[in-house]
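Here are a few exercises to work through with the model open beside you. Try each task before reading its solution.

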Amino acid sequence: MTSRRNFLKSIGVGAATSLVAPTKVSAQTAAAEAGKSVSALPPSHYEESMEMGVPEGYTEAQAKHYFVQSAGSDYMVDVMKTLDIDYVASNPGSSFRGFQESITVYGGNRKPEFLTCLHEETAAAMSHGYAKIAYQPMAIACHGTVGLQHAAMGIYNAWCDHAPMIIFAGNHMEATDRRPGAEWSHSALDCVKLVRDFIKWDDIPLSLGHYAESLMRAYKIATTPPMGPVAIVLDGHLQEQDTHGVVPKIPAYTPSVPPHGDLAALRAAAQLLVDAENPVILAGRAARTPVGMENLVELAEALQAPVSGDGRMNFPNNHYLNQGGRGLLRQADVILGLEKNDFWNTVNSMRDLVHRTSTKVVRDDVKLISLGSEDLFIKSNYQNFQRFQSVDLSITGDAEVSLPYLTEEVNRLMSRSSRAKAKARGEKYREQYKQSIEQARQEAAIGWNDRPVSLDRLSLEIWNEVKGRDWSEVSGRSPASSRLWTMDRHYHQIGGSGGAGVGYNLPASVGAALANREHGRFSVAIQPDGDALYAPGAMWTAAHHRIPILWVMHNNRGYHQEVMHLQRMASRRQRGADGDAKIGNVFEDPFINFATLAQGFGVYSEGPITDPDDLGPALQRAAAVVDGGHPALVDVICQP
Amino acid sequence: MRNKNLSFVSGVLLVLLGCMALMASVSGQDKVLDFNGEVSNDSPTGYLDYVEMGCWQCHGFQGQSTGGDGPKLAPGPIPYPAFEIVVRRPPVVMPAYSPNVLSDEKLRRIYAYLQSIPATPDVSDIPLLSGE
């Protein structure tokens, strides 16, 4: 055991590091280099005052009755500091009051900083969005019972999207020590059970030493691909106990090197790809970081193979090998799927009829290769996977770190004739790419002056405003006409929610914008109206913490997907939905005014805008507010 | 179980009521912008049917497509016989609309609306698209 003042001296190897993937040269070397040391912080005012002994006017016995010298939760925060956790997003709760006080007072509210959230789902989604830009997890803190129930949806999305998250859940295990009332209804025998089906790991530490080891283990598990949320229960008694300055040594933390695919299997995959006439690469959650994107570009260029993505920034959209469409798959003789949990959906098409039928959309003789860590990420109850797809070669390993090995093999196996074949393919895709840009331009022109505003008009007015800035689109949705945007940075698009749990976009955009703030980036989100209504308090969090972000409302006044589901059901049943399809699905009588809502949260706003010609000037004014370091919202009445 | 004939009659009545409500709202002012978009006294033939049947949900008010599963319908719709087959017995994801819920007459009006949509504007006239 060591005293708190000496504990930092005892920290071994450096702290946690960002999740930027190991370089293409050597994963091991990069992981070792990425370790950072933590400098010792001077004692805080609180620390000094408590260590001066018995306060004036109190006997020693009285002081022991009323005061603690050093709280268990102070040590908990010290352990967090060694992991370089920058933020704890939270809606406050008494079951972790000691922890909160230690963060804000003892820890100086810096690394981690306590972010005030108005709902636990906001905290979880903020953490989710943050991780996708910062490449490191944000912690959240909540009641183990009522808080975790609120946070569950956000945690589920993060699980499905492979986003790391450190969850602290307050709880009181010692029944005779619970205060009457809330400490009973806010305690559970096993509070994390509620979310255990969709987190990677959890523990209930019974001592501070147990806490330190478990947090290190939790962080390591959360940030090792395939990543995901983990939970640590914070016992109330443990937080509030007096350590008298004697605390356990904090274990050293070393990040794990992500697992790459078997080299012989990667060599076999390379052979199939090199021999193919029309190889195609399908990227799911392939590029976790900018390095992943670079690695994928190198593979695609080596093969001159087109890449089709899934909304996450896997591949620059201004690259001629960025292609899409079913035609691409129909002609493919070898398809490489990277981190795809929906391989079946991609190579088959299912019709939503009375009797659901499916057809293959690829050649019968196509060879399928799967490379990814999806097989390591499956649990039974919540089925975040799709129909089983038989493949010719299935390689388990993190795609991002495996790609350099695959590319190296491809380059080694390329003969003169295969290079000539690849060159010819490349020329074909250059031409197709040019045509797709022109086609996108033509299609965007249709309905340009429509009311409600067309999505192409909305998208291109936004692009016009952001293109001169270092921007980041943080809504998780791909803008219409995205072909006409230039997306060539990993942070240009963060991908969707993962679990399709509505309510993700708004708070996740705040978390991502917070991570962008450190880089001076301009965050913009095309915000769906229905999503914004789950946890609109996230707007206040952005205003309060001075998180600059421009929300442009895609306000189509309803859940249009659900309208279409009702129309499908009514058509199938020969009834015809007509106006009835709106029931339960449409926000009218009264319409919701998002500009007013935003104003109520202290956010600059404009709208609702119905005339497309008013959009550009409104965006310009709102962007100026964002440039000044504040959030702004422009409400636009749009087509679905 | 709901009686099929009654259901059909109810459906027709609802359509009529819907049309009357829509027209009533149109008569009050020149242009109305609500959940169903913008309608006016001089809306082209078939536009109200197009809106009322919810075609715009996937295909946009100008048939331009809203992305996803709804393909572009206009300008220059496919020939009517092919159009009718796609609506009645769609080969892809679109739901089938039988004559019980979408009459031949109404379908023809919708097609007339799609035909009336003018040619794609010249992108050179739109600064944001022409790159100016």
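**Exercise 1.** How many residues does helix 17 of chain A have, and how far does it reach from its first C-alpha to its last? Keep in mind that this is a predicted model.

*Solution.* Start with the limits: helix 17 of chain A covers residues 416-445, which makes 30 residues. Next, take the span, which is 45 Å and close to the 44 Å expected at 1.5 Å a residue. Then look along the helix for buried positions; among them are Arg425(A), Tyr429(A), Tyr433(A) and Ile437(A). Finally, step just past the end of helix 17, where Gly447(A) has a positive phi of about 70°.

**Exercise 2.** Describe helix 8 of chain A, from its span to its surroundings.

*Solution.* First, the span: residues 146-160 reach 22 Å from first C-alpha to last, close to the expected 21 Å. Second, follow the axis, and you will find a bend of about 50° at Ala152(A). Third, consider burial, which means under 20% relative accessible area. Of the 15 residues in helix 8 of chain A, 11 are buried, so this helix is largely enclosed by the rest of the structure. Ala152(A), where the helix bends, is one of the buried residues. After helix 8 comes His162(A), with a positive phi near 60°.

**Exercise 3.** Is Asn157(A) buried or exposed, and which residues does it touch?

*Solution.* Begin by placing Asn157(A) in helix 8 of chain A. Its relative accessibility is 2%, so Asn157(A) counts as buried. Now set aside residues up to four places away in sequence: the contacts of Asn157(A) are then His128(A), Ser497(A), Gly498(A), Gly499(A), Ala500(A), Gly501(A) and Tyr504(A).

**Exercise 4.** Work out which strands pair with strand 2 of chain A, and in what sense.

*Solution.* Look at the side chains of strand 2 (residues 87-90) first: Tyr87(A) and Ala89(A) point one way, Val88(A) and Ser90(A) the other, and all are buried. Then take strand 3 (residues 113-116), which pairs with strand 2 in the parallel sense over four bridges. Here Ala89(A) is opposite Leu115(A). The chain passes between strand 2 and strand 3 through helix 6 (residues 97-106), in a right-handed β-α-β crossover. Strand 4 of chain A also runs parallel to strand 2, joined by three bridges, and there Ser90(A) is opposite Ala141(A).

Key
Residues are numbered from 1 along each chain as its sequence is written. Chains are lettered from A and ligands numbered from 1 in the order in which they are written. This is a predicted model: local features need pLDDT of at least 70, side-chain atom pairs count only at pLDDT 80 or more; totals for chains, interfaces and linings use all residues. Side-chain values use heavy atoms; hydrogens and water are left out. Helices (H or I, at least four residues) and strands (E, at least two) are DSSP runs, numbered from the N terminus. The expected span of a helix is 1.5 Å times one less than its number of residues. The bend at a residue is the angle between axes fitted to the seven residues ending there and the seven starting there. Buried means under 20% relative accessible area, exposed over 50%, partly exposed in between (1.4 Å probe, protein chains only). Contact means heavy atoms within 4.5 Å. Two strands pair if DSSP finds at least two bridges between them. A crossover is right-handed if, with the strands pointing away from the viewer, the path from the first strand over the helix to the second runs clockwise.
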